[in-house]
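These notes are meant for a colleague who is opening this structure without having seen it before. They go point by point, so that each can be checked against the view.

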Amino acid sequence: MVGVLVRLKLRVLRNSLRGRQIVGMIVGGILGLFLAVFTVFAGLVPFDEARTSVDVLASLYAVWAIGWILAPVATGGGDDTLRPEHFALLPIGRRKLAVGLLAASFVGVTALVSLVAFLGLVTYGLRLGTGPALVGLVFALLQLVFVVLAYRLMMAALGALLTSRKGKELGVLLVALTGLSGVAINYVASSLGPAIVDGRVPALATTVRILPSGWGTLAVRAAGDGDWGIVAGLLAGLAALIAVMLLGWGALLAKRVTSPSFRGASRSKAAEPGKRARRSLLPETPIGAVAGKELRTWWRDARRRVALLSTVMIGVVIAVVPSLSGGSRAVMLPYVALYVVFFASMQSGNLYGFDGSALWHTLVVPGAERADIRGRQLAWALIVAPVALLLALVLPGVTGTPSAYPWVLGLVPALVGGGAGVLMLQSVYIAYPLPDPRRNSSPWSSGGRPGCARVLLMLSVSLLLVVAAIPVVAVLVAGSVLHSPVLRWAGIPVGVLTGTALAWWWGWHAQQRLAARGPELLSTVSKER
Amino acid sequence: MAVEPAMGLYRLTKRFGTTLAADNVNLEVPPGSFFGLVGPNGAGKTTSLSMAVGLLRPDAGGARIFGVDVWQRPEQAKALIGVLPDGLSIPERLTGRELLTYMGLLRGLDKNTVAERAHELLGVLELLEAERTLVIDYSAGMRKKIGLAMALLHGPRLLVLDEPFEAVDPVSASTIRTILNRFVGSGGAVVLSSHVMALVEQLCNHVAVITHGRVVAAGAVDDVRGGGSLEDAFVHIVGGRTGGAEGLSWLASSSD
């Protein structure tokens, strides 16, 4: 049974390796290996105090374990190459199936990389002697079993919830928010790491020692000190824990196979018809209709929400984090609005990719290209402009730099307009397919990410925004040089004018392109990856 | 001058990599006809229909709708057709009514007409109960129905439907059949693709058989099927061989 399932998994893996996936796997593998080697080396560093090594290793292994446990949430379902449902009709005992599936879970790059990281216990043990190294080997293997089981348990427990659309979207939002905030990572890397080494966070150190992920490190240390009783206790504890988890997982498997999957609450409902306040503000024209549809989609589609939210996040992080960590205090803060507009146009510059093959409906309506481009521009501006304006009006005043007002207020309209143009240029000229939202709503699922060359291209198109800024900057610089307050404030009308002109001009280009190459764009964005 | 065909495909050719998906496809759909396009999976039905309505640019050849060239004068041609593609997404995050309202306004219809037609279509296609469900959460059959509503909304003269009955339950299928028959009865033309022979035989008065990207038979249903059933004729024309009679001797004999 075990052999059959392992071979099946290997075969599926081999068949699914095509072109881009191989690259993804290799890149991911190398990255993982890098982290693993880092972990191993962390165990080799001769710290002044013996305690420090234990704390550092236990913390790193806690991070590895958390990574395994959060993986299903982050990837929207985790690895489901072999699903228990596939074997529901076969006359196989529950326990046999559980063991077989568990064995198959060890086949894969992630498990291999984790094993390398956990072998850090052996190298750490070698510093203390042969006995501790052997203890390290045993615990490295047990620790791998533990994390893989924890991962499987997480998947089985959340299983149906994660495969529902709503659950996936929730996971996506969660991960996007925590991951992109960057603040947490920054904090951990810059302050928590040294704090652990210096022993300044005893509570955290205790926690990572108590967690099962830290037991291996403790056992190796204990073996080094000759406390074989502790080693035996920890070994028995981890083995018992694994046994309990295995039983629990088997039970969950049986439940998952036989009970209907969770579907009901995955449906999101539209608001009651009748609440049409937003709708009625838009004109009842083709352009208004497109803008209305776009506004709804921005609001209802998790992937688009992530794109916009991450925009604000990136803007805020770039501008705020340097200010927080001292140095150039609050230099960037008044200009957050500009960052937000810039990233908003770059992040959402694949509108047709977001919609996928739905583009057909625009192509079969005569002359809809113009309405589509203009409506999308309008909707985007309606979302971004108020946020940017608010930031532009509030932040310079709050941070005590009113001299920034002419700059921010002049550049925001220029960039919003230019951004609305760049957005459509990107969407039409360098569209790339994303996974079909009907089947998979996780933006991290395989394929659909822009390649490196494409990212560079997107960046260079975004640099067109610099062009949008030139007239305003020119007027403002002239105003500063000539000490003319009139010229300085003339930046605002100039910004409004450039913004409007560029939105119109670049949108017109996108429209010509869409009209001429619509079918080609359709086949690009509806390509299944 | 002869009457212009509702849809005319002239030497349409499309190649994807090494596969020739459409190989010199010639087809004329008479006005007022109910036209079935049948063929095995991967025969080139969807490719041909996509090129006919302007969703896929042909490598060579042309398509005309009531004499209007789809690729030369797309605006006039597209106003005449209603399209239901197979397997493509639609704006997913709208409810059925929002979607129809959006499509109607995009087509340039006025607000009241759109509201009226959308309500009627939702009612006839029994989608009113799912009033608050987003299209992304629709079942496969509901998707076909909302797609058909999108195709009908602007009152086209020709309907081009790719697999309109796939995954549709029998009751809805009967509703759709009635609607399509009424549409043909009032002078419209319908082109649909399917691989369910019985359905095409029952519904259509004209049929074309397409296989390996080529039209191998076309004409009135009675002419194409000759004396037998359309299914027999199809298997004969396509050159297939109905398997299933040989081997498998162990099947169900082990109970003895």
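1. Of the 529 residues in chain A, 43% are buried. Please keep in mind throughout that this is a predicted model. Chain A has 24 helices and zero strands, and among its contacts between residues at least 6 apart in sequence, 81% join residues that are at least 24 apart.

2. Leaving aside residues up to four places away in sequence, Ala337(A) touches Ala388(A), Leu391(A), Ala392(A), Leu395(A), Val408(A) and Val412(A).

3. Two helices deserve a careful look together, namely α19(A), which spans residues 368-398, and α20(A), which spans residues 405-429; their axes come within 9 Å and cross at roughly 160 degrees. Because angles over 145 degrees count as roughly antiparallel, α19(A) is described as roughly antiparallel to α20(A), and the crossing of the two is right-handed.

4. The residues that build this pairing can be followed along both helices. On the side of α19(A) they include Ile373(A), Trp380(A), Val384(A), Ala388(A) and Ala392(A), while on the side of α20(A) they include Tyr405(A), Val408(A), Val412(A), Val416(A) and Leu423(A). Sorted by class, the contact of α19(A) with α20(A) has 17 nonpolar, two polar and one charged residues.

5. Helix α20(A) has a further partner in α22(A), residues 464-482, with which it packs at an angle of about 155 degrees, the axes being 8 Å apart. The two helices α20(A) and α22(A) are therefore roughly antiparallel to each other, and α20(A) passes α22(A) in a right-handed crossing. The contact draws on residues of α20(A) that include Trp407(A), Gly410(A), Leu411(A), Ala414(A), Leu415(A) and Val422(A), and on Leu464(A), Leu465(A), Ala468(A), Ala469(A), Val472(A) and Leu476(A) of α22(A). By class, the contact of α20(A) with α22(A) divides into twelve nonpolar, four polar and no charged residues.

6. Which residues of α11(A) are buried? They are Trp215(A), Gly216(A), Thr217(A), Leu218(A), Ala219(A), Val220(A), Arg221(A), Ala222(A), Ala223(A) and Gly224(A). Since ten of the eleven residues of α11(A) are buried, this helix is largely enclosed by the rest of the structure. After α11(A) comes Gly226(A), which has a positive phi near 85 degrees.

7. Is Leu211(A) buried or partly exposed? Leu211(A) counts as partly exposed, because it has 15 C-beta neighbours inside 10 Å. Leu211(A) and Val428(A) are 217 residues apart along the chain, and their C-alpha atoms are separated by 51 Å.

8. Turning to the contact of the two chains, 35 residues come from chain B and 37 residues from chain A. On the side of chain B that touches chain A, the elements that give two or more residues are α2(B), residues 74-80, and α3(B), residues 96-106. Of these, α3(B) gives the most, with six residues. By class, this side of chain B has 18 nonpolar, five polar and twelve charged residues.

9. Glu163(B), in the loop between β7(B), residues 158-162, and α6(B), residues 170-185, has a positive phi near 50 degrees although it is a residue other than glycine. Ala167(B) is also found in the loop between β7(B) and α6(B), and its phi is positive as well, at about 65 degrees, without its being a glycine. As for burial, Glu163(B) counts as buried because it has 20 C-beta neighbours inside 10 Å, whereas Ala167(B), with 13 such neighbours, counts as partly exposed.

Definitions and conventions. Residues numbered from 1 in each chain as written. Chains lettered and ligands numbered in written order. Predicted model: local features only at pLDDT ≥ 70, side-chain atom pairs only at ≥ 80, totals over all residues. Contact = placed C-beta atoms within 7 Å. Axes fitted to C-alpha atoms, helices over the stretch in contact; angles between N-to-C directions. Helix = DSSP H or I, 4+ residues; strand = E, 2+ residues; numbered from the N terminus. Parallel < 35°, antiparallel > 145°, perpendicular 65-115°, else oblique. Left-handed = near helix turned anticlockwise from the far one by under 90°. Nonpolar A, V, L, I, M, F, W, Y, C, P; charged D, E, K, R; others polar. Buried ≥ 20, exposed ≤ 12 C-beta atoms within 10 Å, placed from the backbone.
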